[in-house]
Amino acid sequence: MRLFVSEGSPGSLPVLAAAGRARGRAELIISTVGPEECVVPFLTRPKTPVLQLDSGNYLFSTSSICRYFFLLSGWEQDDLTNQWLEWEATELQPALSAALYYLVVQGKKGEDVLGPVRRALTHIDHSLSHRSGPFLAGETESLADIVLWGALYPLLQDSAYLPEELGALRSWFQTLSIQEPCQQAAETVLKQQGALALRPYLQKQPQPGPPEGKAVSNEPEEEELATLSEEEIAMAVTAWEKGLGSLPPLRPQQNPVLPVAGERNVLITSALPYVNNVPHLGNIIGCVLSADVFARYSRLRQWNTLYLCGTDEYGTATETKAMEEGLTPQEICDKYHTIHADIYRWFNISFDIFGRTTTPQQTKITQDIFQRLLARGFVLQDTVEQLRCEHCARFLADRFVEGVCPFCGYEEARGDQCDKCGKLINATELKKPQCKVCRSCPVVKSSQHLFLDLPKLEKQLEEWLGKTLPGSDWTPNARFIIRSWLRDGLKPRCITRDLRWGTPVPLEGFEDKVFYVWFDATIGYLSITANYTDQWERWWKNPEQVDLYQFMAKDNVPFHGLVFPCSALGAEDNYTLVSHLIATEYLNYEDGKFSKSRGVGVFGDMAQDTGIPADIWRFYLLYIRPEGQDSAFSWTDMLLKNNSELLNNLGNFINRAGMFVSKFFGGCVPEMVLLPGDQRLLAHVTMELRHYHQLLEKVRIRDALRSILTISRHGNQYIQVNEPWKRIKGNEADRQRAGTVTGLAVNIAALLSVMLQPYMPTVSATIQAQLQLPPPACSILLTDFLCTLPAGHHIGTVSPLFQKLENDQIEGLRQRFGGGQLEETLVLKAKPSPKPGGGGTITAGSQQIQVLMNEVAKQGNIVRELKAQKADKNQVAAEVAKLLELKKQLALAEGKPLEPAKGKKKK
């Protein structure tokens, strides 16, 4: 083999570092060539690095050459490394190329250089700091580490561009940089010149555009405006002048909503939340809030839209929760279904249906699909080794076993999947397994089960994906996850469980089993629709007329993009399958994860107690929506976004526009005589509006929100430059100019109210009420900017839309949701009452008391089971002591006097 590299070629850094892996395993000659030297006979332009194989073939891609060297060394490919390589190519490289260009070619420094790449550096640091090992994919250096190190080295070798606060990134970078292969690679390529060695290479690259996500300043974008053609400006003016007359008639309301031939029929689902817990902010943004934005947008486009969700209610988790709270599984489902519904109602989620899976329709449809699969030979029987907790006297569902991941060593892996490396696991493969309920060690027992024969369905699935994916809006992470499953080859998947609470299996010999929740949970969408209308098949057996969008977090992708499609394809009943699978990454909380047990993070039932309106929560969650990578909720950032983007930008513009109409023109929209500058602004707003549509049609929800804020900034700048508050005091021409500026500004405010509706529906309705926007204009959003508030239109009373968030207020919330809740709920101590002249106790709130009552009930069950099993007296005594302590805490929480300890009386 022969490796060709050149000085000043950034791709040569990682391949030289990776070449050390191949030493001793194959004969490798390394040749340093000039940057203008052509080493590949059939290429007309110089290209390095290049690896010439012994076969005479060539590898050109940096990551492919590095991968080849690693494979020679015996390295095994893994999904996590592949994800990092895809991220490096699509996210890191564009940002890094811009940063290096600004530094080396344009001579910029500081934040001008660091700004484009800061987000990517923070992502690496965050990932490293949340791993148990020092490297990107585990305990040892991987292909991902070398490729990312080589990409970053030219910039980060200057410590000025390695931020102090990114400690994990700094440690990782320094660990790799002192290794001999990396040192030699840096010496060969950069020749002690640092990033300046890349100047000849970078000078040949196109000048990068402004970095994505850069805040738009209040300065007018003269260069962008100058690119508008006269024809575009004229078309924008023509559309504006047509006004309300160009709006189509509103679609007639249907009940129930059913597909209509010849129209675009959009079916939207949110992943069904599991009923036994309270959703946190990450759950809300990943599923229901993202889908709600798209559903509201779809209705604004006059598409025939049905949006549904519901609680997923079967399974061991429900049984266990019922045992803890001393209720039946159905009572638990009823209780938590109401909690979920109340939370989503407060967040203003616009479901057409919010149903549940514990219904006769769920049983009927699930069993029908199963019978069809069975009849067509797609169901297998096999004996399964399962974990059984003898203490709880039950087989354990996968998610109720916890242990050490056999692949990456993560100590809190579940029995079905490791949250750290993402690999699927059989519970019996876990090292040091524990029952999550009682923490005892389960034993392995055999049980007969049914399997979906995925290998037999793989060809049908690949054919369907081949037709569906091209031109669809599946998110990149969803495509990657499904490709990973198919690359590794599908395996039969168990679809039954040894439980009582679930959909019964209609097969002789399996009467004591139910369907596994991940076989029938996705069928819940069908049954929820069937409970909404007996014509449900018009939605779910109508792939020719229905466009199905499914929203979820990335961990649900295999079940929606693979398991259910295989079930539906195998059933051969013309089911509607997902057209667009929209998966988010994960939302973290500050510097860690949400944890109800540790009292960390904001959960859905707590957000309404913060005093912050639901629309502010919606806005911020959508602003930080984890679209391309994980993101984190930050109280400080929420304060900044509220006070800058909402209060100072959006709210300031809309309030000023309305106030000028009220103050200067008696609440009546003035005549508008558009000058060329006004017409250019019309065209610019139209262009941004169309960009908003393009983004939302592709379900790029976070980016589309930026378009709203951009228009608002232009509106603020327009008012600031034209100063209508001064012109209104001038001559007739000045007053006319003030009228034009005010009229155009208030029409931009009206447009923003409609664009804002999918994101902040209450604020949108408030603006529309203040402006008295005609009803048709509130319900339809075209791709053109129309004059919806013509001269003579009377507006209502204008008032501020947003309130400032204060530092003290936010700091208090940060403390409360950073673990303080746990102290409030579980560590309840009696304290002296501050009342004069006496002692007493302070009673806890009802929520805290309920938590302790649940703990008492749970511990009572443990004691009763031990006594029934005639367990060791010392073990029983220890559990009784725990129960008495919990009862003591409960009494204190309720403000009751403590009872004296009971014991035998002396005679």
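Below are my notes, from the whole chain down to single residues.

**Entry 1: the whole chain**

First reminder to myself: this is a predicted model. I looked up the secondary structure and got 33 helices and 20 strands. The chain has 907 residues, and 56% of them count as buried. I also checked the contacts between residues with a separation of 6 or more, and 76% of those join residues 24 or more positions apart.

**Entry 2: helix α20**

Next I picked α20, which runs over residues 557-571. Its 15 residues reach 21 Å from first C-alpha to last, close to the 21 Å expected. I still found a kink in α20, about 30 degrees and centred on P565. Is this helix enclosed or open to the outside? I looked at burial: 15 of the 15 residues are buried, so α20 is largely enclosed by the rest of the structure. Just past its end, E572 has a positive phi of about 50 degrees.

I then zoomed in on S567, a residue in α20. S567 has a relative accessibility of 1%, so it counts as buried. What does S567 touch, apart from its neighbours within four places in sequence? I noted I369, L373, L452 and F519.

**Entry 3: helix α14**

α14 covers residues 360-375, and its 16 residues should span 22 Å at 1.5 Å a residue. The end C-alpha atoms are 22 Å apart, which agrees.

**Entry 4: D453**

G377 turned up again when I looked at D453: the two are 76 residues apart in sequence, yet their C-alpha atoms are 8.3 Å apart. D453 sits in the loop between β13 (443-452) and α15 (454-468). Is D453 buried or exposed? Its relative accessibility is 11%, which is under the 20% cut-off, so D453 counts as buried. Leaving out neighbours within four places in sequence, I found D453 in contact with F378 and L380.

**Entry 5: rings**

I finished with the aromatic side chains. The count is 28 aromatic pairs. I opened one of them, Y344 and F351: the ring centres are 5.9 Å apart and the planes stand at 85 degrees, so this pair is edge-to-face. Both partners came out buried, Y344 with a relative accessible area of 4% and F351 at 18%. Elsewhere I found F294, Y297, W303, Y549, F551 and Y692 together in one aromatic cluster.

Which charged ends sit over rings? I jotted down K423, whose charged end lies over the ring of F407, 5.5 Å from its centre. I also have R497, with its charged end over the ring of Y516 and 3.8 Å from the centre.

Note on methods. Residues numbered from 1 in each chain as written. Predicted model: local features only at pLDDT ≥ 70, side-chain atom pairs only at ≥ 80, totals over all residues. Heavy atoms only, no water. Helix = DSSP H or I, 4+ residues; strand = E, 2+ residues; numbered from the N terminus. Buried < 20%, exposed > 50% of the residue type's maximum accessible area, 1.4 Å probe, protein only. Contact = heavy atoms within 4.5 Å. Expected span 1.5 Å × (residues − 1). Bend = angle between axes of the 7 residues up to and from the residue. Phe/Tyr/Trp six-rings, centres within 6.5 Å; stacked < 30°, edge-to-face > 60°. Lys NZ or Arg CZ within 6 Å of the ring centre and 35° of its normal.
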